[in-house]
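Q: I have a structure open and would like to go through it step by step. Could we discuss some of its residues and helices?

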Amino acid sequence: RDPNHAFAFYNRGNAYDANGDSSTAIEDYTRALMLMPDLTNALNNRGIVYGKIGEPEQAIKDFTHVIDHDPQHVLAYNNRGEVYFQQGDYAAALADFKKANDIQPGHLMFIAGQAVTHHALGQDDAAMNLWRLLIGQDDRYGDAGWVGEQMNWSAELVDEAHSLIGKF
């Protein structure tokens with residue numbers, strides 16, 4: 001009814017993404033952003049979809065734009081950290097996970113991201129200390145599959161968590 005309603009396109013983009021229609025989700029997020037350029041959640045979600053379909057450069061570009069517009073957008077840091085991790089840029093991933101934790105201290109998702117990234121960097125003591133903290137909060141953190149589902153992590157992050165957990 002209203003072809004200029006940015007939130008309608010944003011919400012429909014979410015629905016398309018949930019149903020696995022990535023290209024239409026990206027189109028709707030893009031349309032929402034054309035109508036409302038400061039709709040950072042649409043930009044963040046578009047970045048997530050780009051990451052899912054194997055376009056990490058575009059995902060990083062979207063997350064960086066969100067952060068430039070809203071430096072406190074904690075999920076954009078986390079999401080960009082996950083893409084950096086998938087690309088093997090562990091230093092950049094760790095910086096983003098730490099920044100997310102600085103904004104929202106103690107959030108288990110950001111601690112988990114830091115732990116697996118420390119592990120990928122060969123910093124086992126730091127990784128294990130953080131993972132012990134997670135297990136102390138919830139013993140299900142001893143199961144990498146559960147962690148991956150809870151965090152909606154890529155295979156790369158889950159594999160690293162599995163490797164880290166195997167050292168306990």
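**A conversation about selected residues and helices**

Q: Is Asp28 buried or exposed?
A: Asp28 counts as buried, since its relative accessibility is 4%, and the cut-off for buried is under 20%. Please bear in mind that this is a predicted model.

Q: Where is Asp28 found?
A: Asp28 belongs to helix α2, which covers residues 22-35.

Q: And which residues does Asp28 touch?
A: Not counting residues up to four places away in sequence, Asp28 touches Phe9, Arg12, Gly13 and Tyr16. With one of these, Arg12, there is also a polar contact of 2.6 Å between the side chains.

Q: Let us change topic. How many residues does helix α4 have?
A: Helix α4 has 14 residues, numbered 56-69. From its first C-alpha to its last, α4 reaches 20 Å, close to the 20 Å expected at 1.5 Å a residue.

Q: Which residues of α4 are buried?
A: The buried residues of α4 are Pro56, Ala59, Ile60, Asp62, Phe63, Val66 and Ile67. Seen down the axis of α4, they fall within an arc of 160°, so these buried residues line one face of the helix.

Q: What do the buried residues of α4 pack against?
A: They pack against two helices, α3 (40-52) and α5 (74-87).

Q: Which exposed residues are on the face turned away from the buried side of α4?
A: That face carries Glu57, Lys61 and Asp68, which are exposed.

Q: What about His73, where does it lie?
A: His73 lies in the loop between α4 and α5. Its relative accessible area is 9%, so His73 is buried.

Q: Which residues is His73 in contact with?
A: Leaving aside neighbours within four places in sequence, His73 is in contact with Thr40, Asn41, Asn44 and Val66. Val66 is also among the buried residues of α4.

Q: Now for the aromatic rings. How many aromatic pairs does the structure hold?
A: The structure holds four aromatic pairs. In one of them, the rings of Trp131 and Tyr141 have their centres 6.1 Å apart and their planes at 80°, so this pair is edge-to-face; the cut-off for that class is over 60 degrees.

Q: Which parts of the chain does that pair link?
A: The pair links distant parts of the chain, with the two residues 10 residues apart. Trp131 is in helix α8 (residues 124-137), while Tyr141 is in the loop between α8 and α9 (144-151).

Q: Are Trp131 and Tyr141 buried or exposed?
A: Both Trp131 and Tyr141 are buried. Ring pairs also join Trp131 and Tyr141 with Trp146 in a cluster.

Q: Next, which residues of α10 are buried?
A: They are Leu157, Glu160, Ala161, Leu164 and Ile165. Down the axis of α10, these buried residues fall within an arc of 135°, so they line one face of the helix. On the other side of α10, Ala155, Asp159 and His162 are exposed.

Q: What covers the buried residues of α10?
A: The covering includes α5, α7 (108-120), α8 and α9.

Q: Lastly, what is phi of Asn152 near?
A: Phi of Asn152 is near 55°, which is a positive value in a residue other than glycine. In general, most residues other than glycine have a negative phi.

Q: Where is Asn152 found, and is Asn152 buried or exposed?
A: Asn152 is found in the loop between α9 and α10 (155-165). With a relative accessible area of 61%, Asn152 is exposed.

How values were computed: Residues are numbered from 1 along each chain as its sequence is written. This is a predicted model: local features need pLDDT of at least 70, side-chain atom pairs count only at pLDDT 80 or more; totals for chains, interfaces and linings use all residues. Side-chain values use heavy atoms; hydrogens and water are left out. Rings of Phe, Tyr and Trp (its six-membered ring) pair if their centres lie within 6.5 Å; planes under 30 degrees apart count as stacked, over 60 as edge-to-face and the rest as tilted. Helices (H or I, at least four residues) and strands (E, at least two) are DSSP runs, numbered from the N terminus. Buried means under 20% relative accessible area, exposed over 50%, partly exposed in between (1.4 Å probe, protein chains only). The expected span of a helix is 1.5 Å times one less than its number of residues. The arc is that of the directions from the helix axis to the C-beta atoms. Contact means heavy atoms within 4.5 Å. A polar contact is a pair of N or O atoms within 3.5 Å; within protein, one must be able to donate a hydrogen and the other to accept it, and residues adjacent in sequence count only if both atoms are side-chain atoms.
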